[in-house]
Amino acid sequence: MPKWGMVIDLEKCVGCQACTVACGMENNRLPGEHWQDVIFFTEGEYPNTQTKWFPRPCMHCENPSCVAVCPTRATYKTEEGFVLVDWNRCIGCKYCMIACPYGVRFYTEEKAAYGGPNMKEVFPADDSHSWNPPWKMPDAREDWKHGVGVQPHDVVSKCTFCHHRVTKAPPGTADLDPQDPKTREFTPACVVTCAPGARFFGDLSNPDSQVNKLIANKNGVRLLDHLGNKPQVYYLTGEGGSVPSGRALKKS
Amino acid sequence: MTTMYLEPRNFREVFGHLGALWRQEGPIRFLRIAWNLGHEPSPAGAMWKFGLVLFAATFGFSLFMLFTQGHAAFNTSSDGVNWGMAIATYAFFALMSSGLTMIAALPMVFGFKQFYPIAKRCIWLSIVTLIAGFSVLAMELGHPFRMLWAIPTGMQVMSPMFWMGVFYTIDLILLTVKFYLLWQDDWDSGVSHLVGALGFGAVILASGMLGLVFGSMVMRPMWYGSFTSIFFMLTAALTGAAAIVLAVYMSFGFSRESMPEPLKSMAQGDDLPRVFATLIGITLVMVLTRMWTGLWSNLDGLEGFKALFASPLFHFQVWVCFALPMYLMLSNETRRGVAWQVLSAILVLLGMAINRYEFIVGGQLVPMFKGNWVNSLNAYSPSATEWALTLMGWGIGFFLYALGERLFRLHAAPPVGERSPQAVVSSH
């Protein structure tokens, strides 16, 4: 049984946000509903300041607090390591959004981002979907039990690690490498699209996988590790990159 | 013709009386009598009308907004405050309900018999405010009806929200049973005592668990810790005390003269203001010590306390809504005065409403990893729909309380010597 994980090399990441766009196209996201966001932050004080950034998907934690708080078990963790939402069970209480330390969950019913237009009104659905985007994944790929596709009204959605692609990978695959034609179509959209090749996706339970070697050899770190959620997304900071130690933007 | 409708003693009599009234008066006059809650004007009648109109207007408006805009009619957002004023209102009413049960337990479980005259009223108000809280919560949830099967079949025992639901459901059932027993004038049987004691246990668990819904969240340090649970239990008691003081005076037109005897002497006595002042004092200490640790610590995520401390609402709450009533309830000159007691109760209720809002919204002020996308602290102010839901809770509270007042002899207490006279829905 694989345990899928991601490594993001911040020395290579250029902050282009192509991952955000690719995820939005792959998963039919509304504007502002960025399952895969790139977070920009500043460090230091004028005149000695730096702007930094890091991509932030769902961390698919080993100890996910969102799963523990969900009163209906709509949010759950699979054996392969995915943290998913069953849209047929979600009651929209938003407790998981409260409990996620990384802010990666989105409630469907919200005011239009960036002041509009409201895409749900521009492309309204005539069935139980919350909207009907002009381009969307084939119906056969839609999977509400795993939170894949265009969601219904009043549920919470989140990054699925591209569950609909990754689970099609042949058994025993150690790494999903977008450069390899044999694994490219099973690789998460954000990894495939990453122009500088900063993202790696593979099996954390396989000692020979490239992700494990990167984490070991290049000192992979996890966001907010002190909270104990144990993300399955690791960052390589090297000499040029960094992740913030806290979540707050201090204005002291 | 003069008809006298005795107070119903069980459900058969309730529906029997209503049927008889319908047949005698015809539908139009029946509705008019119901609208007036009896044949004659009364404080309960005024509360009933006010509550019904408030409920109809706010429920209609929020339903319209939910059908046309859905929950986008709320000002909550995924990038900012997830739980807004509707959740604060739910917590306010649910904890008021818990507090009322705690006050009722003073005579029924702990033997402070001087509080018997308000026990039955407390239990009824407790049921009413719990219904108000649940109603607001149902309008806030994305899929309230799905909840009814998804929570029992999910059995996620790790979730504080699951246990909150379990304990509040047990609480509501025990309250209903206890009220039925009191309705049957069963104050002293073994079963009645047992239900009272179990109800007190359930309400401690329920209010404490509601605290743990927030207190378990280590990623939200403004809420984290077992303190939140204790804070919710003790402030529930204060909210309940304030609610019962206000409710008693409202039912008797803000005058002690019209109160039946045991209630009148209780209202004139020193015990009620003493309990009230003690609870305000405990709350004040908790609010101020929480603010101290919040302002003092450098921990990431506690920055919201600075914003709370800078807000005029916080100081209004502390000085006007808590410190002033505590003084009024301690001072020899004011603590027995009807006007001062009513003023204190209103101020404390206002203060607790502000406190629930500040606690729940304030705890989400620091953004969750949004970097420069969200500057500094999250902005939030409730939308018209969220205000309507809050007022809807009050509407439900008012009209159901009035209904109980008219139907159930809420001032009843265990018979000591002469029975108190039966009230009537009477005559024309």
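Me: How many residues of chain B are in contact with chain A?

Reply: Please note that this is a predicted model. The size of an interface is often given as the accessible area lost when the parts come together. Here one may count residues instead: 38 residues of chain B are in contact with 41 residues of chain A.

Me: Which helix of chain B supplies the largest share of the side that touches chain A?

Reply: That is helix 5 of chain B, with five residues. Helix 5 (144-154) and helix 6 (160-183) of chain B each supply at least two residues of this side. By class, the side of chain B that touches chain A comprises 17 nonpolar, 16 polar and five charged residues.

Me: How does the radius of gyration of chain A agree with that of a compact globule?

Reply: A compact globule of 252 residues would have a radius of gyration near 18 Å, and chain A has 18 Å, so the two agree. The C-alpha trace of chain A spans about 50 × 50 × 35 Å along its principal axes. Chain A has seven helices and nine strands, and 50% of its 252 residues count as buried.

Me: Is Glu26(A) buried or exposed?

Reply: A residue is buried if 20 or more other C-beta atoms lie within 10 Å of its own. Glu26(A) counts as buried because it has 22 C-beta neighbours inside 10 Å. Glu26(A) belongs to helix 1 (residues 18-27) of chain A. Leaving aside residues up to four places away in sequence, Glu26(A) touches Cys162(A) and Ala189(A).

Technical notes
Residues are numbered from 1 along each chain as its sequence is written. Chains are lettered from A and ligands numbered from 1 in the order in which they are written. This is a predicted model: local features need pLDDT of at least 70, side-chain atom pairs count only at pLDDT 80 or more; totals for chains, interfaces and linings use all residues. Two residues are in contact if their C-beta atoms, placed from the backbone, lie within 7 Å. Helices (H or I, at least four residues) and strands (E, at least two) are DSSP runs, numbered from the N terminus. Ala, Val, Leu, Ile, Met, Phe, Trp, Tyr, Cys and Pro count as nonpolar, Asp, Glu, Lys and Arg as charged, and the others, Gly among them, as polar. A residue is buried if 20 or more other C-beta atoms lie within 10 Å of its own, exposed if 12 or fewer, and partly exposed in between; C-beta atoms are placed from the backbone. The radius of gyration is taken over C-alpha atoms; the globule rule is 2.2 Å times the number of residues to the power 0.38.
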